[in-house]
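Colleague: I've just opened this one and could use a hand. Can you walk me through how to read it?

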Amino acid sequence: MRIKAAVILAGAALFVFCGPAVAQGNHSEFFGGGTANFQSTVSGQNVTDNPTYSAGYLLNYRLHFNDWAAVEVNYGHTRYTQYYSNGVGQITSFTQANAKELTMAFVVQFWSRFNGRLQPFAEAGTGGMFWSPVAAGSVAGPFNQNRAVILYGAGLDWKAFGHFGLRVGYRGLFFTAPDFNVNGQFTNSRAQMREPYAGITYRF
């Protein structure tokens, strides 16, 4: 819960300190799109965590300071299952969970092309992942779990028409693999969520 509170406080600070810039320059931008979610397989302490792949969605708000710098707040959601196996490859436990992301990132926008319609960007930030187990798809006894994450990513923005645009990109989230405080699910290893995405932007 402390991770979630820190993200909320950081978002509030962003709103308070950057609000005047929004009012003066109309540099706000909203994004909504779909994601493909691929958490890496990890092993540790004689346990292997082999998660399923899934689809989800990503929402964010981006504030542009100028032509090259911006900050953003992200919310993502997906649902998938972690399968845990022992040293001989036998599945011994599994947990299905809703996974939510709350992150913030600094965005660097590079040179534009095609009369300013195409612009690449890169980003880096931090935040948290929050898993909520689904009882019907899990072994008995899983608990909610939160992890701090490190975020990196890159993508392309295409100005389509008016205030609308298209965005495609790739994001990576590094975190300690979830174990849900269940025996036989502890790896204590670092995992990565690979997340290609695409969607629509609205800038105002």
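Colleague: In what order do the elements of the protein run from the N terminus on?

Modeller: Keep in mind that this is a predicted model. Reading from the N terminus, the order is α-β-β-β-β-β-β-β-β-β-β, which comes to one helix and 10 strands.

Colleague: And how do I read the way strands are joined, say E6 and E7?

Modeller: Look at the direction and the bridges. Strand E6 (residues 91–109) and strand E7 (residues 118–133) run antiparallel, with 13 bridges joining them.

Colleague: What about side chains along a strand?

Modeller: In a regular strand they alternate between the two faces of the sheet.

Colleague: Which residues form the nonpolar patch on the surface?

Modeller: Among them are Phe30, Phe114, Trp158 and Tyr202, and the whole patch has about 920 Å² of accessible area. Strands E8 (145–161), E9 (164–176) and E10 (190–203) each supply at least two of its residues.

Colleague: Why does Leu166 count as partly exposed?

Modeller: Partly exposed sits between the buried cut-off of 20% and the exposed cut-off of 50%. Leu166, which lies in strand E9, counts as partly exposed because its relative accessibility is 46%.

Colleague: How much of the protein counts as buried?

Modeller: That would be 43% of its 204 residues. As for the accessible surface, it comes to about 10,300 Å², with 64% belonging to carbon and sulfur atoms.

Technical notes: Residues are numbered from 1 along each chain as its sequence is written. This is a predicted model: local features need pLDDT of at least 70, side-chain atom pairs count only at pLDDT 80 or more; totals for chains, interfaces and linings use all residues. Side-chain values use heavy atoms; hydrogens and water are left out. Helices (H or I, at least four residues) and strands (E, at least two) are DSSP runs, numbered from the N terminus. Buried means under 20% relative accessible area, exposed over 50%, partly exposed in between (1.4 Å probe, protein chains only). Accessible areas come from the Shrake-Rupley method with a 1.4 Å probe; for residues, only the protein chains shown count as cover. Patches are made of residues with over 30% relative accessible area and no salt bridge: like charges are joined within 9 Å, nonpolar side chains (Val, Leu, Ile, Met, Phe, Trp, Tyr) within 5 Å. A salt bridge is a side-chain nitrogen of Lys or Arg within 4 Å of a carboxyl oxygen of Asp or Glu. Two strands pair if DSSP finds at least two bridges between them.
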